[in-house]
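Subject: Structure handover

Hello,

I am passing this structure on to you. Please look through it first; my notes follow below.

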Amino acid sequence: MGEQLSHIAELIKDKQQFLTDKVLTFQNDRDTILKSDRVRVYTKECLGLLFNHLNDTLVSCEETAIKNNHIYGSECGQLAFDSSLPPEIAVEAFIEVRNVFHDYLYSLVKNGFASALAVLRAIRIIDNLIDQASICLINHYNNILTTTKSALAESSKDLNITLKELNELKDALNESTIFAITDQKDNILYANDKFCEISKYSSEELIGSNHHILNSGNHPKEFFDEIWKTIQKGEVWNGEIMNKAKDGSCYWVDTTIIPYQDKDGKTYKHISIQKDLTQQKKAEELLHKTEKLSLVGELAAGIAHEIRNPLTTIKGFVQLLSKSLPEKDQPFSETILSEIDRINFIVSEFMVFAKPHAVYFSKCDVSEILMSVIHLVSAEALLKNVTIMPEMKSTPPMFIYGEMHQLKQVFLNMIKNGIEAMPYGGSISISITEVDGNIQISFVDNGVGMTPEQMERLGEPFYTTKDSGNGLGLMVSYKIIQNHRGQINVKSNACGGTTFEIVFPAI
């Protein structure tokens, strides 16, 4: 990981001028205030400090990285104050820098210049640097306001200036962050509009309520005990928290909690400054899935190679034997050769995860393909006491554009999964209907059902609900359906019964 982070640091160093120009270009496009020379100079100096610290921070140990974070944050905070910039402009500059760096780092993964895990680690390190700068900026202004407060009695002019700065800081926080103020018992005293928007609670519902109202259950009690101990000691806490909104949905926030203490050193309230990480978390999950699919691709290539060689040998000997067989036994050799070709085709389909290959679509009668698959698995169903009930004997032909063998593979997988979900027998109903220009194929069984958590993971590599499964069959089916511009919907009940609905565009 250290070598990969060092490589990323070199790439960023080489693109230093490019990244600086991109940030300044964004500022020109956003607002007239951001176009001022003062803001441009401040942004360039902040970026210069970031590039100076970034290489050491990426490749150093955790202790050195934390030290660099504090040094960079202090330098940027002092720079913002020395530049006499309004706090909302300084915060906006940090946001632009963060966005540009995220875009560039994600492009490294997309173009294969760095691994997903290394980029995620780099993003966390850069975010920590920028977050530390934001915290120091707030602390600088807080120190300024504290000093000003001690001189309020001297003149009403000083009072007006202080109130103006407080309002500017409040406006900056309200516009750029999810912001709340909480008392010593963790009851909410104030929540801005962004806090209400992400939590789905109104301001009236939040004020007076305890922060426990947002508890998602994702973190253990010890996690929150540690946060409470930290802020009671007067120390700033920073970390990621999963909260639950009023509608039951969960969201991730990068949270910084800053405590306020009285003259006796007791914490009497604290503010929380948060940034929505939900989309970033989804992107991380997508990157992890991409890594898994890459592993499946390598595995598929190896399996295909090892299976195809003996298949070729078997096929050759069967063809030789068939020439010496009497005519009455010829159909058996033809059946064997046909099944060998089908095995070879299925192996080829796994190669879709190893490398793209051309698939030629043609006009296919879905009803005909489905009936041939039912005929193929009828013997297995009979052995396992499962009744297959097709409800399309009188259905007219329904056509889609597709690849016949791939469609057979999907239907075969759906039916076999239904059979295996009924170890003590049962029935599978299969129907085809045309709805709003689409063809819908339904597979309904009365076997073992699935929980919502299980349904959410269907199609993931190596995830299966069966004792002897590997999760690859359904993953391949999902990929084929996607390539046919179709979609798959699953309905199930943990008490029993599952419905798979596959929808394709009709011709």
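**Helix H13**

Helix H13 covers residues 366-383, and its 18 residues should span 26 Å at 1.5 Å a residue; the end C-alpha atoms are 26 Å apart, which agrees. Please keep in mind that this is a predicted model. H13 has a kink of about 45°, centred on Val377.

At the N-terminal end, H13 is capped by Asp365, which has a side-chain oxygen 3.1 Å from the backbone nitrogen of Ser367. After the helix comes Asn385, and its phi is positive, near 60°.

Which residues of H13 are buried? They are Val366, Ser367, Ile369, Leu370, Val373, Ile374, Val377 and Ala381. The strands are E6 (362-365), E7 (386-390), E8 (399-402), E9 (426-435) and E10 (438-445). The helix is H14 (404-420).

**Nonpolar cores**

The largest nonpolar core has 40 residues, and the members that touch the most others in it are Ile8, Ile12, Tyr42, Phe94, Phe101, Leu105 and Leu108. Two or more of its residues come from each of helix H1 (2-14), helix H2 (16-30), helix H3 (37-59), helix H4 (62-82), helix H5 (87-110) and helix H6 (116-149). H5 gives the largest share, with 11 residues.

Apart from neighbours within four places in sequence, Leu105 is in contact with Ile8, Ile12, Val119, Ala122, Ile123 and Ile126. There is also a second, separate core, made of 37 residues, among them Val377, Ala381, Met392 and Val410.

Ser216 sits in the loop between helix H9 (203-206) and helix H10 (221-232). Its side chain makes two polar contacts with the backbone. In one, the side chain of Ser216 reaches the backbone nitrogen of Asn218 at 3.2 Å. In the other, a polar atom of the Ser216 side chain lies 2.7 Å from the backbone oxygen of Met242. Leaving out residues up to four places away in sequence, Ser216 touches Met242, Asn243, Lys244 and Cys250.

Asn243 belongs to strand E3 (residues 237-244). Is Asn243 buried or exposed? Asn243 counts as buried because its relative accessibility is 9%, and the limit for buried is under 20%. With residues up to four places away in sequence not counted, Asn243 touches Leu214, Ser216, Ser249, Cys250, Tyr251, Val253 and Gln274.

**Asn174**

Asn174 is part of helix H7 (residues 156-176). Its relative accessible area is 17%, so Asn174 is buried as well. Asp193 is 19 residues away from Asn174 along the chain, and the C-alpha atoms of the two are separated by 7.4 Å.

**Cysteines**

How many disulfides does the structure hold? The number is zero. Cys495, with a relative accessible area of 78%, is exposed.

Regards

Conventions
Residues are numbered from 1 along each chain as its sequence is written. This is a predicted model: local features need pLDDT of at least 70, side-chain atom pairs count only at pLDDT 80 or more; totals for chains, interfaces and linings use all residues. Side-chain values use heavy atoms; hydrogens and water are left out. Helices (H or I, at least four residues) and strands (E, at least two) are DSSP runs, numbered from the N terminus. Buried means under 20% relative accessible area, exposed over 50%, partly exposed in between (1.4 Å probe, protein chains only). Contact means heavy atoms within 4.5 Å. A nonpolar core is a set of buried Ala, Val, Leu, Ile, Met, Phe, Trp, Tyr and Cys residues joined through side-chain atoms within 4.5 Å. The expected span of a helix is 1.5 Å times one less than its number of residues. The bend at a residue is the angle between axes fitted to the seven residues ending there and the seven starting there. A polar contact is a pair of N or O atoms within 3.5 Å; within protein, one must be able to donate a hydrogen and the other to accept it, and residues adjacent in sequence count only if both atoms are side-chain atoms. A disulfide is a pair of cysteine sulfur atoms within 2.5 Å.
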